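Here are some notes for a colleague who has not seen this structure before. Please read them beside the sequence and the model.

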Amino acid sequence: MTQPVSPAQRHQQDTPAATPAKTPARQPARLGLRPDVRNLSLLGVLAVLVAVGGFTRPDQFLDSGNLQLVLTQASVIGVVTVGMTFVITSGGIDLSVGAIVALASVWATTLATQEYGFAGILFTAVVVGLACGLVNGLLIAYGGMVPFIATLAMLASARGLALQITDGKTQIVTVESVLDLGIPDAYVLGIPPLVLVFAVVTVVGWLLLNRTTFGRRTVAVGGNAEAARLAGIDVRRQRLYLYLLSGLCCGIAAFLLVVLSGSGQNTNGNLYELDAIAAAIIGGTLLSGGRGTIVGSVLGVLVFTTITNIFALNNLQSDVQQIAKGAIIVAAVLVQRRTARDGAT
Amino acid sequence: MPETSRRGLLFGTAAVSAGALLTACTSNEPKTKEPAANNEPAAPDDKPGKKVTIGFAGPQADHGWLNAINENAKSRAGKYSEVTLEITEGSNDTAAQIGQVQTLINKKVDVLVILPADGKALTQVGLQAMKAGIPVINLDRVFASPQAYRCWIGGDNYGMGLNAGNFIGERLKDKKNAKVVELAGLDNLELTKQRSQGFADALKNYPNIKRVARQAADFTVESGQAKMAQLLQAQKQFDALWNHDDDQGVGALRAIQQAGRDDFLMVGGAGAKAAMDAIKADNSVLKATVLYPPTMAASAIDLARALGQGKGVGGMSELEIPASITLYSAVVTKDNVDEYLPTGFS
């Protein structure tokens with residue numbers, strides 16, 4: 001997946017600089033290390049949240065245990081969001097991520113799969129994720145279906161299949177090596193393995209989007225698919241790869257969720273699609289495609305997780321949490337707009 | 001991509017074999033198949049009588065408890081040679097469920113057992129059945145009008161909270177300034193409010209106990225883990241925890257294990273088999289669970305059969321079945337877990 005550029009491709013390779021230039025009426029994608037102003041403003045939001053958390057609950061919020069907790073809670077949805085960022089950057093959408101996580105997690109935790117131990121669970125989760133992504137990709141890229149519809153169909157079917165496999169039951173994992181990954185003994189230098197996976201996925205995702213032809217093609221397809229096609233990009237194949245990538249991320253996330261919860265359940269991944277899309281958009285990825293930022297998406301996820309954490313530590317109830325969450329989303333986006341506009345002029 | 005590349009071939013083969021391997025992995029048959037959760041003796045009056053056709057309509061069995069409801073109904077009906085059970089595909093959609101009940105009415109079943117996805121929304125169709133002369137047993141989620149059913153049987157959410165609170169109260173009554181934490185279920189359901197109210201009312205009997213925190217999960221393992229992890233971070237020390245639901249309790253127990261905490265007593269809710277196994281093994285903080293018994297579906301079949309045959313309930317002197325039955329939310333502990341284990345659901 002990280003090496004999608006085939007030398008055998010008949011199309012003339014685009015030169016790296018040529019592609020963004022072919023996306024008219026849009027800012028060229030940021031390729032350098034220069035931090036995006038949007039990311040900066042999101043960092044500001046995060047800093048404010050940390051200040052609020054530290055002020056209201058100094059004893060519980062500002063300790064290493066809580067940092068581990070927030071990052072761990074962020075890792076499952078974070079991995080999904082990285083995949084989602086690619087899809088949205090290309091001008092698509094993947095509504096099926098939550099359902100794929102559910103399906104992959106229950107398929108990976110059936111009694112039959114658990115017979116094969118750690119490797120069996122990991123393999124099944126990843127391959128089920130990839131397979132769902134493949135179906136999405138084929139339907140969208142070669143079947144000519146609108147991403148919204150194709151992935152909505154996948155959402156329904158994958159949830160149905162997950163329910164059929166579990167029969168509505170909670171599948172408890174008994175494979176010790178999988179369970180052990182989620183407890184403090186497995187932490188590497190105080191970092192939970194789940195967080196490490198999240199970090200690796202983030203770094204690989206960032207490199208892929210910002211430092212490879214694959215990433216530039218993704219941006220080009222999202223900016224203007226027709227221009228990208230004329231520039232010699234195989235748009236359909238690129239789309240197929242992108243949904244495969246999203247599926248892969250869901251598979252990895254499903255495995256992380258199995259480790260975290262020690263079980264598989266057909267209700268897993270509930271509304272992940274909305275959380276992932278919201279995090280990506282707040283991060284500064286354009287819903288219409290053509291611009292994406294992995295750093296922004298990850299910051300978006302961290303903002304959401306930190307909000308949840310602060311609310312829980314302050315023992316606020318879910319009604320208050322939901323109202324405040326909505327308000328904070330609006331506030332964050334408004335602040336971001338303002339900063340971006342001021343920064344751009 | 002006109003030419004079939006070698007890479008494509010290799011990849012295709014790998015994909016096909018992975019698929020073949022995977023399809024073998026959907027099986028969930030345990031090595032030793034256990035019987036459905038319904039081992040208690042049939043009602044005293046189990047001599048075959050008049051033939052009765054019972055129509056059963058429930059919501060989609062998308063979690064363990066509802067699944068157990070279906071299994072209990074089926075296995076109970078199977079015990080009576082004269083009972084035929086017409087069971088519909090479960091649905092959470094109000095319109096779909098109304099259609100299913102109407103189909104059962106048209107089929108002219110003798111008695112209907114309805115567990116509505118939404119009690120209030122299905123009231124009309126309950127009335128319709130009653131008017132058509134088909135008596136309705138309303139299971140658990142109550143219709144808005146008593147005219148829509150002949151008999152209601154269901155669990156006691158308030159009682160669950162009450163019994164959990166009293167159990168914890170008795171355990172902690174000699175402890176000064178005891179702290180209790182509540183992990184509730186889905187907050188936008190009325191039943192969650194009732195459970196929390198019962199719990200709060202019970203704790204009022206014990207002035208030394210204070211509920212220091214409450215968070216609501218949404219009945220899923222995932223949410224149970226997430227919310228419990230936050231609660232453990234927020235409360236560095238407490239004495240007891242009541243978790244409304246054993247399904248989310250799987251996640252809560254996982255979070256407790258991950259945090260390495262064992263300094264408190266945990267009480268569950270609903271009565272899942274996994275929870276009862278843990279209570280029996282006595283190797284975790286989980287020491288008890290308050291029931292919300294899915295066996296009520298088996299009892300509903302008994303009531304429907306009695307209704308169809310014009311009989312009362314065995315063991316009661318009345319000539320007909322009662323109009324309303326609220327089940328008791330028993331507290332299952334290590335001492336009595338063996339009795340209840342057969343009713344545990346997974």
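1. A residue is called buried if 20 or more other C-beta atoms lie within 10 Å of its own, exposed if 12 or fewer, and partly exposed in between, with C-beta atoms placed from the backbone. B:I168 is buried because 27 other C-beta atoms lie within 10 Å.

2. This is a predicted model, in which local features need pLDDT of at least 70, side-chain atom pairs count only at pLDDT 80 or more, and totals for chains, interfaces and linings use all residues. Residues are numbered from 1 along each chain as its sequence is written, and chains are lettered from A in the order in which they are written.

3. B:I168 sits in helix 5 (residues 157-172) of chain B; helices are DSSP runs of H or I with at least four residues, strands are runs of E with at least two, and both are numbered from the N terminus. Leaving aside residues up to four places away in sequence, B:I168 touches B:V180, B:A240, B:W242 and B:V267. Contact here requires C-beta atoms, placed from the backbone, within 7 Å.

4. Between the chains, 41 residues of chain B are in contact with 41 residues of chain A. On the chain B side, helix 7 of chain B gives the largest share, ten residues.

5. An automatic or database assignment sets the domain bounds: chain B has domain 1 (52-155 + 294-311) and domain 2 (157-291). Taken over C-alpha atoms, the centres of domain 1 and domain 2 of chain B are 32 Å apart. Their contact takes four residues from domain 1 of chain B and five residues from domain 2 of chain B.

Notes
Two residues are in contact if their C-beta atoms, placed from the backbone, lie within 7 Å.
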